[in-house]
Amino acid sequence: MLEELKTNNRDWAAGKVAVDPGFFKRLEGQQAPKYLWIGCSDSRVPANEIVGLDPGELFVHRNVANLAPPQDANYLSVLQFSVEVLKVEHILVVGHYGCGGVAAAVDGKRRGLVDHWLHPIREVHTCHKHELESITDDRARADRLVELNVIRQVKNVVSDIFVQDAWARGQTLNVHGWVYSLANGLVTDLGVTVSGPDGVGKLP
Ligand code: ZN
């Protein structure tokens, strides 16, 4: 079972050591990533690969539709650990066009538990109903909701007390909103970077 994956793993590990014999030994001792990635679970959005980072360089949290819900213990644990212990300098909230989670939030179908998980996206949709309804093309409207969701999650991150406290301590911490395109593999920076408490109120 899964022989192909095990073979891939052995080849991958051997390839790493061939280029850098101390690679795994070094990582075993300590991880010091500068970045936290908050992205979607979608299998087409492989965080490290997209930004060309090796193991040890990117702390990753993924869930359906890249949410940062202020009551989610999993996300909050990741956020606190990465900010207070790893002291990451950048938090990347990364959505992706064509996100099935974002689409499912507003298609009116019932799927069960995930409908509750996606509730924050319906709130985003309600907040921006006027703008979204003015977009006649279905795909363009869905893509805009993906962007608005990223901006909403950036707001959640920057208003969190772990982030606020880090800035109060004088820690360097920048929070960014990006969207990845499945069609061409490129990320778009939405230009909503916040680098301190002053920027929180300026988000669209
Ligand atoms: Zn997705």
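By residue class, the lining of the largest pocket comprises nine nonpolar, six polar and three charged residues, where Ala, Val, Leu, Ile, Met, Phe, Trp, Tyr, Cys and Pro count as nonpolar, Asp, Glu, Lys and Arg as charged, and the others, Gly among them, as polar. The structure is a predicted model, in which local features need pLDDT of at least 70 and side-chain atom pairs count only at pLDDT 80 or more, whereas totals for chains, interfaces and linings use all residues. Residues are numbered from 1 along each chain as its sequence is written, and side-chain values use heavy atoms, with hydrogens and water left out.

The volume of the largest pocket is about 320 Å³. Of the 18 residues that line this pocket, Pro120, Glu123, Arg152, Gln153 and Asn156 are the closest to its centre. Two or more lining residues come from each of helix 6 (113-117), helix 7 (119-127) and helix 9 (138-158), and helix 9 gives the most, with six residues. A pocket is here an open set of points on a 1 Å grid over the protein atoms alone, at which a 1.4 Å probe fits, with protein on both sides within 12 Å along at least five of seven lines, and lining residues have an atom within 4 Å of a point. Grid points are joined across faces, edges and corners, and the volume is the space filled by probe spheres set on the points. Helices (H or I, at least four residues) and strands (E, at least two) are DSSP runs, numbered from the N terminus.

Aromatic contacts were considered next. Rings of Phe, Tyr and Trp (its six-membered ring) pair if their centres lie within 6.5 Å, and planes under 30 degrees apart count as stacked, over 60 as edge-to-face and the rest as tilted. By this rule there are three aromatic pairs. In one of them, the ring centres of Trp12 and Phe24 are 5.6 Å apart and the planes stand at 70°, so the pair is edge-to-face. Because Trp12 belongs to helix 1 (residues 3-19) and Phe24 to helix 2 (residues 23-29), this pair ties together parts that are twelve residues apart in sequence. Trp12 is partly exposed at 41% relative accessibility, as is Phe24 at 30%; the classes are buried under 20% relative accessible area, exposed over 50%, and partly exposed in between (1.4 Å probe, protein chains only). Another pair, between Phe59 and Phe81, is tilted, with 5.7 Å from centre to centre and 45° between the planes. This pair links distant parts of the chain, with Phe59 in strand 2 (residues 58-63) and Phe81 in helix 4 (residues 73-85), 22 residues apart. Phe59 is buried, at a relative accessible area of 16%, whereas Phe81 is partly exposed at 34%.

Trp12, Phe23 and Phe24 together form one aromatic cluster.

Ten salt bridges are found in the whole structure, each defined as a side-chain nitrogen of Lys or Arg within 4 Å of a carboxyl oxygen of Asp or Glu. Among them, Arg111 and Asp107 meet through their side chains at 2.6 Å, N to O; Arg111 is partly exposed at 41% relative accessibility, and Asp107 is partly exposed at 35%. A salt bridge also joins Glu133 to Lys129, with the closest N and O atoms 3.8 Å apart, and these residues, four apart in helix 8 (residues 129-133), are separated by about one helical turn. Glu133 is exposed, with a relative accessible area of 57%, while Lys129 is partly exposed at 40%. In helix 9, Asp138 and Arg141 lie three residues apart, about one turn of the helix, and form a salt bridge whose closest N and O atoms are 2.6 Å apart. Asp138 is exposed at 54% relative accessible area, and Arg141 is partly exposed at 26%. Glu131, Arg144 and Glu147 are linked in a network of salt bridges.

Backbone geometry was also examined. Leu2, which lies in the segment before helix 1, has a positive phi of about 60° although it is not a glycine, and is exposed at 56% relative accessibility. Lys87, in the loop between helix 4 and strand 3 (90-96), likewise is a residue other than glycine with a positive phi, near 55°, and is partly exposed, with a relative accessible area of 47%.
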